[in-house]
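I opened a new page to go through one structure in order.

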Amino acid sequence: MQSKYLNLQRANKFKITETNLTVPIEFVLLGFSDIPKLHWLLFGIFLFIYMIILLGNGIIILITRVDPSLQTPMYFFISNFSFLEICYVSVTLPRMLMDLFTLKGNISFLACATQMCLFLILGATECFLLAVMAYDRYVAICNPLHYPVVMSTKLCTQLVIASWVIGIPIQVGQTYQILSLPFCDSNQINHFFCDIPPLLKLACGNIFVNEIVVFIFAILIVTVPFMLILASYSRIISTILKLPSNTGRTKAFSTCSSHLMVVFLFYGSASVTYLKPKSNKHEGTDKLLSLFYTILTPMFNPLIYSLRNKDVIGALRKLFTRFLAL
């Protein structure tokens, strides 16, 4: 079965250039071909996870729209974040499920470019939106009297739009510069989706400049928002510790803890993937880390925001009560 998965046509999947380098017509995503006996088990697990992600984040979007008590800037951002997570996981997971089901990993050059571009854009959006959510908590806790004025509907909408748009030109450029590289005689990507690190491993010649460009973009998109989040929470924690009552401190910490958990889940795995030196020795670890921030983090987000939030739990109870009464 493994040979069936890996024995895919390669010779006719390249276009030879004048310099004897090759431009792939299509790639082959190896995915989990090293464990072919488990492909049906993996298919079932990932299909279940995908359903949980769609259902969990969909419920978050629904209750923040229909419950009047959740019509606040914080839940507006959470709702947008849940929608982003659905889009983010839908770029990679359906394709991976299809590959597991068909035992084929063939993906055209255009489809690979599209997948990588969308994945990078949505990943950048997640970084920026997490920073926006940290700013929202900073204003709410450090400047509570000015919060309704500062975090107006207009500003919240502008921040969300900016989070979605600002990474597009950067990541389109990233995709172009990676897929414009000359590739060697292999079109097999040792990953379950098209991403920068595994594609760079297929490139020929001196790609040092390209790796530097990737690193700089990673710093801009991953590290800068993360530093803004740290700056916001350093001020938040300083303000909370000055509160006179334990009740006030507990309530303030509870509104921030869910967001902090999501930040560290996402940034922890993503930063290791994109900021660590390139190596061929830990490809299995790279795939595991990618699974974590592309699939497991979106699955945990609804649980984190609901189980640790009394307002969300109350809204869920009212929603289920209304549903059962129908």
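I started with a term I needed: a residue counts as exposed when its relative accessible area is over 50%, as buried when that area is under 20%, and as partly exposed in between. I also noted that the model is a predicted one.

Entry on valine 209. I located valine 209 in helix α9, which covers residues 208–241. I then checked its surroundings on the surface and found a nonpolar patch made of Phe208, Val209, Ile212, Ile216, Leu220, Val224 and Leu228. Together these residues have about 640 Å² of accessible area.

Entry on the whole chain. I found 12 helices and five strands. The chain has 326 residues, and 48% of them count as buried. It exposes about 16,300 Å², with carbon and sulfur atoms supplying 70% of that area. I also looked at contacts with a separation of 6 or more: residues 24 or more positions apart account for 78% of them.

I checked two of them against the model. Residues 40–63 are 100% helix and 0% strand, with the end C-alpha atoms 35 Å apart. Residues 75–97 are also 100% helix and 0% strand, and the end C-alpha atoms of this span lie 32 Å apart.

Entry on aromatic rings. How many aromatic pairs does the structure hold? I noted 17. I picked tryptophan 40 and phenylalanine 101, whose ring centres are 5.6 Å apart and whose planes stand at 85 degrees, so this pair is edge-to-face. Tryptophan 40 belongs to helix α2 (residues 39–66) and phenylalanine 101 to helix α3 (residues 73–102), so the pair ties together parts that are 61 residues apart in sequence. Tryptophan 40 has a relative accessible area of 47%, so I wrote it down as partly exposed.

I then took a second pair, phenylalanine 266 and tyrosine 267. The centres of these rings are 5.6 Å apart and the planes are at 85 degrees, so this pair is edge-to-face too. Both phenylalanine 266 and tyrosine 267 are buried. Last, I found Phe266 and Tyr267 in one aromatic cluster, whose members also include Phe32, Phe46, Tyr88, Phe119 and Phe264.

Definitions and conventions
Residues numbered from 1 in each chain as written. Predicted model: local features only at pLDDT ≥ 70, side-chain atom pairs only at ≥ 80, totals over all residues. Heavy atoms only, no water. Patch = residues over 30% accessible without salt bridge, like charges linked within 9 Å, V, L, I, M, F, W, Y side chains within 5 Å. Areas by Shrake-Rupley, 256 points an atom, 1.4 Å probe, with all protein chains shown as cover. Salt bridge = Lys/Arg side-chain N within 4 Å of Asp/Glu carboxyl O. Helix = DSSP H or I, 4+ residues; strand = E, 2+ residues; numbered from the N terminus. Buried < 20%, exposed > 50% of the residue type's maximum accessible area, 1.4 Å probe, protein only. Contact = heavy atoms within 4.5 Å. Phe/Tyr/Trp six-rings, centres within 6.5 Å; stacked < 30°, edge-to-face > 60°.
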